[in-house]
Amino acid sequence: MEASNYDIEGLDLSADQYTVEQNLIRNEYRALDDRGNTVLEGKQKTFKLKEEFPFVDADGDDVFTVTAQQIRDYEGQYVLTDARSDEDVVVLDHEYSLLEQITGATWTIRD
């Protein structure tokens, strides 16, 4: 497989389908492959001025971090940074909606 600008070192996304589960009480996430194996886990760091979500693989190794560009960035830009290369991979634009809790958040990925 040819490497691209969007590859994240240490992250294999070769399955056909993934499911992301979110904790209802806290900003914790878990991504499962199509066989139910945990691929990624992440949770928001507490007591940070800017939102920060480090993600680890099934072995607990750092994979990437998503960091808000503003303090309390309910609608704005988040940067996904590769944990191994320390390179920014993409910017995630979050669009806030009053129906977000029902329909899910809208995110746009850009480089």
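Begin by selecting D82, which sits in strand β6 of this predicted model; strands here are DSSP runs of E with at least two residues, helices are runs of H or I with at least four residues, and both are numbered from the N terminus. D82 is buried yet has no salt bridge, and the nearest side chain of opposite charge, R84, is 6.0 Å away. Buried means under 20% relative accessible area, with exposed over 50% and partly exposed in between, for a 1.4 Å probe and protein chains only. A salt bridge would require a side-chain nitrogen of Lys or Arg within 4 Å of a carboxyl oxygen of Asp or Glu, and in assigning charge Lys and Arg count as positive and Asp and Glu as negative, while His and the chain ends are not counted.

From I8 and F64, move to the largest nonpolar core, which has 16 residues, and in which I8, L11, L40, F64, V66 and L80 touch the most other members. Such a core is a set of buried Ala, Val, Leu, Ile, Met, Phe, Trp, Tyr and Cys residues joined through side-chain atoms within 4.5 Å. Colour β3 (38-43), β4 (50-57), β5 (62-71), β6 (76-82) and β7 (88-95), the elements that give two or more residues to this core; β5 gives the most, with four residues. Centre on L40, and, leaving aside neighbours within four places in sequence, you will find L11, Y29, R30, A31, F55, V56, V63 and F64 in contact with L40.

Now select D33, in strand β2 (residues 28-33), which counts as buried because its relative accessibility is 12%. The backbone nitrogen of R35 lies 2.9 Å from a polar atom of the D33 side chain. Beyond four places in sequence, D33 is in contact with A15, Q17, Y18 and V39; Q17 is 16 residues from D33 in sequence, with 6.2 Å between their C-alpha atoms.

Finally, zoom out to the whole protein, which has one helix and eight strands in the order β-β-β-β-β-β-β-α-β, and of whose 111 residues 31% count as buried.

Residues are numbered from 1 along each chain as its sequence is written, and side-chain values use heavy atoms, leaving out hydrogens and water. Local features need pLDDT of at least 70 and side-chain atom pairs count only at pLDDT 80 or more, whereas totals for chains, interfaces and linings use all residues.

Methods. Contact = heavy atoms within 4.5 Å. Polar contact = N/O pair within 3.5 Å; in protein donor to acceptor, adjacent residues only side chain to side chain.
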